[in-house]
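I opened this model to look up a few helices, strands and contacts, and I kept notes as I went. The entries below follow the order in which I looked.

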Amino acid sequence: MYSKLLILHFPGREVEKPVVCHLTKYYDLTFNILKATILPRKEGIMVLELSGSKKNFKKAVQYLKDQGVIVKNASQEITRDEDKCIHCGACTAVCPTGALAISRPDMYVRFDKTKCSVCELCIATCLTRAMKAEPTTETLFE
Amino acid sequence: MSKFKVNKTYKEINDKIRSGEVVVVTADEIVDIVKEKGPVKAAETVDVVTTATFAPMCSSGAFINFGQSVPTIRASQVWLNNVPAYAGLAAVDCYIGATEACLEDPLNKVWPGEFNYGGGHVIHDLIAGKAVHLKAAGYGTSCYPNRGIEKDIRLSDLRQATLCNPRNGYQNYNCAVNFSNKTIYTYMGTLKPKVGNANYSTSGQLSPLFNDPYYKTIGLGTRIFLGGGEGYVTWHGTQHNPSAERNEKGIPKTPAGTMWVMGDLKQMKPEWIVGVSLRGYGISLAVGMGVPIPILNEEMAQFTAVTDKDIEVQIVDYGNDYPNGINKNYGFATYDELKSGAIVFNGKDVPTVPLSSVAKAREIAEILKDWIQSQKFLLGEPQFTLPTK
């Protein structure tokens, strides 16, 4: 089961097409609309969680693009629960950007968010499950 | 006539603790003291050196007595938050092992498994004061007719809950690499293919048994910091192997001594006993442990002055050798090199990855030092020390 949060921008001329309905009909995906707005100049913004098989998901995104919809990944950020982190260093084995690194000589594990590429590899590697992916677009859901 | 110039007894050191005159330093701090003053002067000045480790330690678990119900039960199977506990002990006693996975865990069927909840987490939840759901099944006897109970238990309601770890504080361990062509997931963490990283797990010069390499002060009755409370060394640990090859300073070059430790769960703190999930491998328990080493003479001062440069760790392939029981190493790295962040292996820089938290071990060594200095903690004199043969 593949699931992602997407932000869809519908140009003014496209808002009347029932494209989201087609995601279910043609690609066997389920969607959960978290936000839908039509802006004054008639362009629409929709935030939805789209779930299904990865293959169909990719096809569906291509379909959306073909319909003139601009598709963006609702961006995520990685956060660390400071109370859970035991500073063992296991995460540094998988972090590809050095965002998680051991500072020397004190040997605490530092997390530099500016270096993080949100690859999510640390999440399942962290021994105490201190690393989490969280959406950065919270304001959209208010 | 003693062969030492400095001779102290446990009683003398404990008297000093009671009177507040005791001098305690950590295993990091003693290094420079011995270097500057020499072992005799150091032994005259310093009474206790605190050592510590905080790392995932399988071979951990807890005995729990969960009290009788009405009608009474002879629990023959027990689950705690759906994690099976061993119940073949007595009517309402069980042992929850740290590495036991909860029943609905897909294990490695979805590879590499996440192992999000198991025995280690149950122990952590109990210490954190959370309610743990207990299910027990019995077969019914005249004295224990009940066939099954379910109830929530909390640590404060239990009569006894005892951490009992048959093997902790390993004296040296392996440095794990992976020669194969794919990423592997081990109890030594994630190992990238073609020696992409080198993982190790020891707190080096802070680690208890490196500071007393011939077990001259550690044995049954040694009082320790265990999970934030007071615990004891009660036996030599399983796989204790004192005859491992040693370097000229007496430091074993391969896995050697181990300790069996016990302590009261009710004294422990959730920050020092933490359930951990090792991707693709399973569940374990990170155990915070601190052992005070009494400086009875200059020999002990010299032992505790061990540095990361003196400690060699053997490099072992977990891609092919380890799973096939091939006992082979590819040379040694000093702990100093491992801690620096990279080792040179076959002419290539290999990043090193710890699983043992040196930062937290240092905190434990400081806490234990503070306990002793503030008269809260007396040394326990062992009835006998760990076997050397």
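I began at the end of helix H6 of chain B, which is followed by Gln375(B), a residue whose phi is positive, near 65°. Helices (H or I, at least four residues) and strands (E, at least two) are DSSP runs here, numbered from the N terminus. Before going further I noted that this is a predicted model, in which local features need pLDDT of at least 70 and side-chain atom pairs count only at pLDDT 80 or more, while totals for chains, interfaces and linings use all residues. Residues are numbered from 1 along each chain as its sequence is written, and chains are lettered from A and ligands numbered from 1 in the order in which they are written.

**Helix H6 of chain B.** I checked the length of H6(B), and its 16 residues reach 22 Å from first C-alpha to last, close to the 22 Å expected at 1.5 Å a residue (the expected span is 1.5 Å times one less than the number of residues). I then listed the buried residues of H6(B), which are Val358(B), Lys360(B), Ala361(B), Arg362(B), Ile364(B), Ala365(B), Leu368(B), Lys369(B) and Ile372(B). For burial I used the count of other C-beta atoms, placed from the backbone, within 10 Å of a residue's own: 20 or more is buried, 12 or fewer is exposed, and in between is partly exposed. An α-helix has 3.6 residues a turn, so residues three or four places apart point the same way. The cover over the buried residues of H6(B) includes helix H1 (10–19), strand E1 (24–26), E2, strand E14 (223–226), strand E18 (282–294) and E22 of chain B.

**Strand E17 of chain B.** I next turned to E17(B), where six of the six residues are buried, so the strand is largely enclosed by the rest of the structure. Ile273(B), Gly275(B) and Ser277(B) point one way, Val274(B), Val276(B) and Leu278(B) point the other way, and all are buried.

**Domains of chain B.** The domain assignment gives domain 1 (10–58 + 164–373) and domain 2 (64–161) of chain B, with bounds that come from an automatic or database assignment. I found their C-alpha centres 31 Å apart, with 19 residues of domain 1 of chain B in contact with 21 residues of domain 2 of chain B (contact: C-beta atoms, placed from the backbone, within 7 Å). On the domain 1 side of this contact, E17 and E18 of chain B each supply at least two residues, and the largest share, six residues, comes from E17(B).

**Contact with chain A.** I counted 23 residues of chain B in contact with 18 residues of chain A. The elements that give two or more residues to that side of chain B are strand E2 (48–56), strand E12 (189–191), strand E17 (273–278), strand E22 (348–354) and helix H6 (358–373). Which of them gives the most? It is E17(B), with four residues. That side of chain B divides into eleven nonpolar, nine polar and three charged residues; Ala, Val, Leu, Ile, Met, Phe, Trp, Tyr, Cys and Pro count as nonpolar, Asp, Glu, Lys and Arg as charged, and the others, Gly among them, as polar. The predictor gives the complex an ipTM of 0.94 and a pTM of 0.87.

**Two single residues.** I looked up Ser59(B), which lies in the loop between E2 and strand E3 (61–65) of chain B and counts as buried with 20 C-beta neighbours inside 10 Å. Leaving out residues up to four places away in sequence, Ser59(B) touches Asn165(B), Pro166(B), Arg167(B) and Thr238(B). Ala342(B), in strand E21 (residues 342–345) of chain B, is partly exposed, with 14 other C-beta atoms within 10 Å.

Definitions and conventions:
Contact = placed C-beta atoms within 7 Å.
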